[in-house]
Amino acid sequence: PTSAQVSVAPHSGRFCYTLDNDLLSTEQRQFYEDNGYLLIKNLVSDEDIERFRKEFTRICKREVKPPGVMIMKDESLRSQFGQSEKVVNKVQDFQEDEELFRYCTLPEVLKYVECFTGPNIMAMHTMLINKLPDSEQQTFLHPMHQDLHYFPFRPAARIVCAWTAMERADQHNGCLVVQPGTHKTALKPHGYPQWEGKTNKLFHGLLEEDEKIPKVHLVMEKGDTVFFHPLLIHGSGINRTSGFRKSISCHFASSECHYIDVKNTTQEHLEKELQEMVSKKYNATSVELKDIWNFRARLVQGKRINL
């Protein structure tokens, strides 16, 4: 179910964004080439999702404290709910949590990832998102953005995000929204949108959004997984329900990708912001963007080459 038409052009004879494999059909490859994403139904088991849910609850309650994990909270709710899932919006960088990191090693996920990255696969960025019910005072709307804005490694075509719904995601509880075909565009300037007092730290968005490009709401059931390109423009709406919309995701990259210097690029201000955060948290004096990513990166298949 979508809210805009997506293109499926005739087979061009040349694939830029997928590698030759025995898994994807020609139609699936062409769909990803044209649109920048591919949704696979019922990929992750209910059993695995329940295990991830339990571990998330344990992290919220501070029963486990994985090193390096970043817990993002809505501070305005802490006095009301204390330390619980009703406050935690996101658990990021869970690469040291054995239970959650299992997601990044699931064979059913990696076999699809390999179609985009090749056999040498790094897990680069991990997140469990718990989209809270919304209110007028604060919002967990994520502005339209391109994930490559956050990454100092290339080429973009050998990076892919796997994003799995942990329960039904639709327009009522803030599902993913994508602009098909925008993965073919360049990386655009990002920054904080002009939503006074309503933006989470590091929730950067496009500074200029083309409203004419059609948007598709990705309606997903529990266990459905979407794979998408890091230049695909996407975001998520607000959660208008009383429940919590959970998803788990990882950005994977070929270990043959290489780091780039972001100085004098649109990503330079992001590096400065992250440096300030890391310096504050770890009392580190000199940290480059690639150092932060080196710390996050984990090999999950094949050989570690550059990253």
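In which sense do strand β8 and β11 pair, and over how many bridges? Strand β8 (residues 176–178) pairs with β11 in the antiparallel sense, over two bridges; two strands count as paired if DSSP finds at least two bridges between them. Within this pairing, Val177 stands opposite His217 in β11. Helices (H or I, at least four residues) and strands (E, at least two) are DSSP runs, numbered from the N terminus.

The structure is a predicted model, in which local features need pLDDT of at least 70 and side-chain atom pairs count only at pLDDT 80 or more, whereas totals for chains, interfaces and linings use all residues. Residues are numbered from 1 along each chain as its sequence is written, and side-chain values use heavy atoms, with hydrogens and water left out.

The strands β8 and β11 belong to an open sheet of four strands, ordered β5-β13-β8-β11 with antiparallel pairing. Its edge strands, β5 (142–145) and β11 (216–217), each pair on one side only. In general, strands of a sheet pair through backbone hydrogen bonds, either parallel or antiparallel.

The largest nonpolar core comprises 55 residues. A nonpolar core is a set of buried Ala, Val, Leu, Ile, Met, Phe, Trp, Tyr and Cys residues joined through side-chain atoms within 4.5 Å; buried means under 20% relative accessible area, exposed over 50%, and partly exposed in between (1.4 Å probe, protein chains only). The residues with the most contacts inside this core are Tyr103, Val109, Phe227 and Phe252. Helix α5 (residues 107–117) gives the most to the core, with six residues. A second, separate core of 22 residues includes Met122, Phe153, Trp293 and Leu307. In soluble globular proteins, nonpolar side chains tend to be buried together.

Contacts (heavy atoms within 4.5 Å) were examined for two residues. With neighbours within four places in sequence left aside, Val109 is in contact with Leu43, Val44, Tyr103, Ala162, Phe227 and Phe252. Thr117, which lies in helix α5, is buried, with a relative accessible area of 3%.

Helix α1 (residues 26–35) is mostly covered, with seven of its ten residues buried. Among them are Arg29, Phe31, Tyr32 and Glu33. The buried residues of α1 pack against β1 (37–40), α5, β7 (159–165) and β12 (225–228). Gly36, which follows α1, has a positive phi near 90°.

A search of the whole structure finds nine aromatic pairs. Rings of Phe, Tyr and Trp (its six-membered ring) pair if their centres lie within 6.5 Å; planes under 30 degrees apart count as stacked, over 60 as edge-to-face and the rest as tilted. The ring centres of Phe52 and Tyr103 are 6.1 Å apart and their planes lie at 85°, so this pair is edge-to-face. Because Phe52 lies in helix α2 (residues 46–60) and Tyr103 in the loop between α4 (98–101) and α5, the pair ties together parts that are 51 residues apart in sequence. Both Phe52 and Tyr103 are buried. The rings of Phe153 and Tyr259, with centres 6.2 Å apart and planes at 90°, are likewise edge-to-face. Phe153 is in strand β6 (residues 153–154) and Tyr259 in strand β15 (residues 258–259), so this pair ties together parts that are 106 residues apart in sequence. Ring pairs also link Tyr32, Tyr112, Phe116 and Phe227 into a cluster.
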